[in-house]
Amino acid sequence: MPRSSTGTVVAALTAAALGGVGVLAYQAAATAPDRPAHSQAGDSKSKPKDKAKGKDKDGEKKSTALPGDSGTGLRVVYALKDRRVWLVGANEQPTRTFEVSPSTASPSPGTYEVTSRVPSTIGSDGVQIEHVVVFDTEDGVVFGFSAAVDGSAPDTSSAKKTGGIRESRADATAMWEFTQAGTKVVVIA
């Protein structure tokens, strides 16, 4: 008996420590300056990177500014056309923005709420995914943000309708720490 109770105590302390680290990481991320805003302010070291990334099909630079028609309050904003997500704090300031890779189906524009979160599972495309944040289901297709453990993007050539919106593992971790059940998700065209 002493072994199992000691193991229980160790497990409880470990869980409490991990929870505390998660809260501290979220607080640090929420108060840290937004990197894209810094690089737009004229940081010459980031300009070559900006030129290599963030261009649309016509070669024009995409804006990373939060769209004006994206709701209010604490929320996740997902711009379908730009394939970009913003995590917006209650102070109306984006804490993070990043590009995503959508699957074969897209949610309809509108306002949703996070309905569930799953730490790890197998995606509808058969790929191991983590930090799943689900916000909508339409015609049997579940829409949510996640990261593939192997770093892969969704197979957009598949005939199967899937609604996974893939993020990098770092972005998925940020999304996971930012959202809870009930967090608003605004999808715009």
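This is a predicted model: local features need pLDDT of at least 70, side-chain atom pairs count only at pLDDT 80 or more; totals for chains, interfaces and linings use all residues.

Student: How many helices and strands does the protein have, and what share of its residues is buried?

Tutor: From the N terminus on, the order of the elements is α-α-α-β-β-β-β-β-β-β-β-β-α-β, which comes to 4 helices and 10 strands. Among the contacts with a separation of 6 or more, 52% join residues 24 or more positions apart. The accessible surface is about 11,100 Å², with 56% of it belonging to carbon and sulfur atoms. Of the 189 residues in the protein, the buried share is 33%.

Student: Which residues touch the most other members of the largest nonpolar core, and which element gives the most to this core?

Tutor: In soluble globular proteins, nonpolar side chains tend to be buried together. The largest nonpolar core here has 22 residues, and V85 and F145 touch the most other members. At least two residues of this core come from each of β1 (75–79), β2 (84–88), β7 (128–138), β8 (141–148), α4 (169–178) and β10 (184–188). The element that gives the most, with 4 residues, is α4.

Student: Leaving aside its neighbours within four places in sequence, with which residues is V85 in contact?

Tutor: With those neighbours set aside, the contacts of V85 include F145, and F145 is together with V85 in touching the most other members of the largest core. The complete set for V85 is V76, V77, Y78, R96, T97, F98, V100, F145 and M175.

Student: How many residues make up the other core, which lies apart from this one?

Tutor: Among the residues of that other core are A79, W86, V186 and I188. The number of residues in it is 6.

Student: What kind of aromatic pair do Y78 and F145 form, and how many residues apart in sequence are the parts that the pair ties together?

Tutor: The structure holds 3 aromatic pairs, and in the one formed by Y78 and F145 the centres are 5.7 Å apart with 80° between the planes, an edge-to-face arrangement. Y78 is buried at a relative accessible area of 1%, and F145 is buried at 0%. Because Y78 lies in strand β1 and F145 in strand β8, the pair ties together parts whose separation in sequence is 67 residues.

Student: Which residues form one aromatic cluster with Y112, and with which side chain does the side chain of Y112 make a polar contact?

Tutor: Y112 lies in strand β5 and is buried, with a relative accessible area of 15%; the aromatic cluster consists of Y78, Y112, F135 and F145. Leaving aside neighbours within four places in sequence, the residues in contact with Y112 are P107, F135, D136, E138, T183, K184, V185 and V187. The C-alpha atoms of Y112 and T183 are separated by 8.4 Å, although these residues are 71 residues apart along the chain. The polar contact, at 3.3 Å, is with the side chain of E138.

Student: Over the face of which residue does R117 lie?

Tutor: R117 is placed over a ring, at 3.8 Å from the ring centre. The ring belongs to W176.

Student: Where is S103, and how far from a polar atom of its side chain lies the backbone oxygen of G164?

Tutor: S103 has its place in the loop between β4 (101–102) and β5 (110–113), and this residue is buried, with a relative accessible area of 12%. Beyond its neighbours within four places in sequence, S103 is in contact with P154, T156, T162, G163 and G164. From a polar atom of the S103 side chain to the backbone oxygen of G164, the distance is 2.5 Å.

Note on methods: Residues are numbered from 1 along each chain as its sequence is written. Side-chain values use heavy atoms; hydrogens and water are left out. Buried means under 20% relative accessible area, exposed over 50%, partly exposed in between (1.4 Å probe, protein chains only). A polar contact is a pair of N or O atoms within 3.5 Å; within protein, one must be able to donate a hydrogen and the other to accept it, and residues adjacent in sequence count only if both atoms are side-chain atoms. Contact means heavy atoms within 4.5 Å. A nonpolar core is a set of buried Ala, Val, Leu, Ile, Met, Phe, Trp, Tyr and Cys residues joined through side-chain atoms within 4.5 Å. Rings of Phe, Tyr and Trp (its six-membered ring) pair if their centres lie within 6.5 Å; planes under 30 degrees apart count as stacked, over 60 as edge-to-face and the rest as tilted. A charge sits over a ring if NZ of Lys or CZ of Arg is within 6 Å of the ring centre and within 35 degrees of the ring normal. Accessible areas come from the Shrake-Rupley method with a 1.4 Å probe; for residues, only the protein chains shown count as cover.
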